[in-house]
Each structure stands twice: as C-alpha cells, then as structure tokens.
Amino acid sequence: MAPPMDRLAAASVDWMAVLLPQLVTLSTPFKRVMMQALVLDETASFTSTLVFMSLSLIAVILLYQTLMTYFWGGTLGKLLFGLRVVNIWDRSHPTLGASAIRSLAYALDVLLLGIPNLSIFANSRRRTLHDKFADTVVITIRPMAA
C-alpha cells in the first residue's frame, strides 16, 4: 500500500502543477463579466456566472482525475511518486466506470474539506472514501529507498 505522505505529496503536485494553472486559465474569461456584475450590482448575473464557472472547474477536475486514472493508472502526481491506482480485488487496471466513480467521490472529499482523506491513517489498506466507493487501492510500484 502507498504511504500516506507519498499520497499527500502526489496530491500536492496535482493541485499545484496541474490543476491550479488549469483553473486559473479557465477562470480568466469570467473575471471581466464578474467584475462588471459586481460593479453594476447585478446579483443575478454575478451568481449565474459564479455557478457556471464553478461547474466548469469541477468538470475539469473530474475529467483530469477520471481520464488520468483510466488511461495511466494514476494522476501525474501519483505517476511521479511511483504510485498506481488498482482494483482492490485483482490488482487490475481500474475500469472507466471505477475511475469515474473514484473521481466523483474525490470531488465529495474535496467538498468535505479533505476530512475523509484522514482515513488513510486509520485503516490497514490506507483507503480513502473515493477508494472505497470505487473498489480501488493506491499501491507503490517503485522500490522503497533504503
């Protein structure tokens, strides 16, 4: 099973090096519209733009998590740290459905401020909520440093 600190480091790489630049790039077109709505006190326009922007950003996160897990067995952060997501029963590559379920549950983890992720310290297989929903586990494929 993957060490919790490796999983944390992989998630940090994903957020800082991959997702944050994408989120900034996607939010750029909305800034002018939101500022204009704020200045003109158009609450409905501001709210609808904020909701649309949020849904767009969530879609990017879900697509990134799902497609990276399905095609390569993990996100860029996981690959960098020698971690892979596998099916818990037979250690096979996750299916597209399992990858999508895992991503949706990951989004739920994020909405709950990451608190469910603390379960990696509380169970022997170091499985988080999204691992349990998708019947997956994160393993280390690189040799441990001496």
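Before you click anything, one term: buried means under 20% relative accessible area, exposed means over 50%, and partly exposed is in between (1.4 Å probe, protein chains only). What you have open is a predicted model, where local features need pLDDT of at least 70, side-chain atom pairs count only at pLDDT 80 or more, and totals for chains, interfaces and linings use all residues. Residues are numbered from 1 along each chain as its sequence is written, and side-chain values use heavy atoms, with hydrogens and water left out.

**Stop one: helix 1**

Select residues 4-39, which make up helix 1 (helices are DSSP runs of H or I with at least four residues, strands are runs of E with at least two, and both are numbered from the N terminus). Its end C-alpha atoms sit only 45 Å apart, short of the 52 Å a straight helix of 36 residues would reach at 1.5 Å a residue. The expected span is 1.5 Å times one less than the number of residues.

Now zoom in on L19: helix 1 has a kink of about 45 degrees there, shortly before the proline P21. That bend is the angle between axes fitted to the seven residues ending at a residue and the seven starting there.

Next, colour the buried residues of helix 1, among them L19, L23 and F30. Just past the end of helix 1, click D41, whose phi is positive at about 55 degrees.
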